[in-house]
Amino acid sequence: MALKNKLLALLEQQRGEALSGTALAEQFGVSRNAVWKAINALRDEGHEIESVGKSGYRLSPNSDLLSSEGIGALLSEDLCDVKIFTFDEVASTNDEAKRFCVADSSRAVFVSDCQTDGRGRYSRCFYSPARTGLYLSAVIHPNMSIEDSSVYTAVAAVATARAIESQTNVSPKIKWVNDLYVDGKKICGILTEAMTDFETGQVRSMVIGIGINVTTESFPDEISDKAASIGVFTSRNELAASIITELYHLTNLSPNDFMEEYRSRCFIIGREIEFSDGKQSYRGRVVGIGDKCELLLDVSGEIRCFTHGEITGF
């Protein structure tokens, strides 16, 4: 790893603290001049690094460039094998992740500052402007049936809600099946895509795409009355690391360990909604969420169970 990358990882890990140039030179076995050159190279890339008198260097609290070093430095040791890839711009992080899965069976996360062709469920466009959002796709290898793997959307929703809450004190609510809301508006969408083994019918790999409006203020007219952002500045590297940590830790648990939290965060339970399963529309009251994240809907006194579909009104 190049010196500037090592310095960036350390600066992110100790964000806000001043790191002595002399101590850094000794730690990495280089001259102070080499440290100075590496710091300037990072500044040229756009990282806001402050010189603190004779104390050394520190990453500005406002510095918010995404980097694999910045994210990786914040992960626990049990996640050190997760490969982190960051981009200034991609068409879709989910597409990058799916291409990766063809040739590699590692755990990996793809993070981008901007998406030019971000998408949500039913191939809808997901607005993904630069500098104000966080767009990431995580690769997991569950090796289970499609039916059993349906809970991973719930895993992603709980993991993302926890991460946002821990980093900002904002408490998102879940709209079945995969959207996060704050004050009645959508701040996050989740798209889960599976790659199956044709012979066994098992899910070989799964890509979990998460798009979050962090500080986005302006939205296209068609979603301006429905979309919002967290509205609180937080380091996107820290938020990404928190999501990755929660996500991979939760995938090791049984549904019993997270479905109750999913239900407690799901704001549509008990509400009258309009729902479509793609073939027919229904109106009814949501009476619960099943153990495999099924929507339980009371339609004129009959409890119906839906594993897929869309809430069109509430």
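**Note on the aromatic pairs and nonpolar cores of a predicted model**

1. Phenylalanine 85 is partly exposed: its relative accessible area is 29%, which falls between the cut-offs of 20% for buried and 50% for exposed. Phenylalanine 110, by contrast, is buried, at a relative accessible area of 4%. These values, like the others in this note, come from a predicted model.

2. How are the rings of phenylalanine 85 and phenylalanine 110 arranged? Their centres lie 4.8 Å apart and their planes meet at 15°, so the pair is stacked; planes under 30 degrees apart count as such. The two residues belong to distant parts of the chain, 25 residues apart, with phenylalanine 85 in strand S3 (residues 83-87) and phenylalanine 110 in strand S4 (residues 108-112).

3. The structure holds 11 aromatic pairs. Ring pairs join Phe85 and Phe110 with Phe87 and Phe100 in a cluster.

4. An edge-to-face pair is formed by phenylalanine 267 and phenylalanine 314, at 5.6 Å centre to centre and with 65° between the planes. This pair also links distant parts of the chain, 47 residues apart. Phenylalanine 267 lies in the loop between helix H9 (259-265) and strand S11 (272-276), and phenylalanine 314 in the segment after strand S15 (310-313). Phenylalanine 314 is partly exposed, with a relative accessible area of 43%.

5. A charged group also meets an aromatic ring: the charged end of arginine 107 sits over the ring of tyrosine 248, 5.0 Å from the ring centre.

6. The largest nonpolar core has 66 residues, of which Leu134, Trp176, Ile212 and Tyr262 touch the most other members. Helix H7 (residues 152-168) supplies the largest share of this core, 10 residues. A second, separate core comprises 14 residues, among them Leu8, Leu19, Ala38 and Leu42.

7. Which residues does leucine 134 contact, its neighbours within four places in sequence left aside? The partners are Leu66, Val111, Ile210, Gly211, Ile212, Val214, Arg236, Leu239, Ala240 and Ile243.

8. Helix H7 is mostly covered, with 13 of its 17 residues buried. The 17 residues of H7 should span 24 Å at 1.5 Å a residue, and the end C-alpha atoms are 24 Å apart, which agrees. Asparagine 169 follows H7 and has a positive phi, near 70°.

Conventions. Residues numbered from 1 in each chain as written. Predicted model: local features only at pLDDT ≥ 70, side-chain atom pairs only at ≥ 80, totals over all residues. Heavy atoms only, no water. Core = buried A, V, L, I, M, F, W, Y, C linked by side-chain atoms within 4.5 Å. Buried < 20%, exposed > 50% of the residue type's maximum accessible area, 1.4 Å probe, protein only. Helix = DSSP H or I, 4+ residues; strand = E, 2+ residues; numbered from the N terminus. Contact = heavy atoms within 4.5 Å. Expected span 1.5 Å × (residues − 1). Phe/Tyr/Trp six-rings, centres within 6.5 Å; stacked < 30°, edge-to-face > 60°. Lys NZ or Arg CZ within 6 Å of the ring centre and 35° of its normal.
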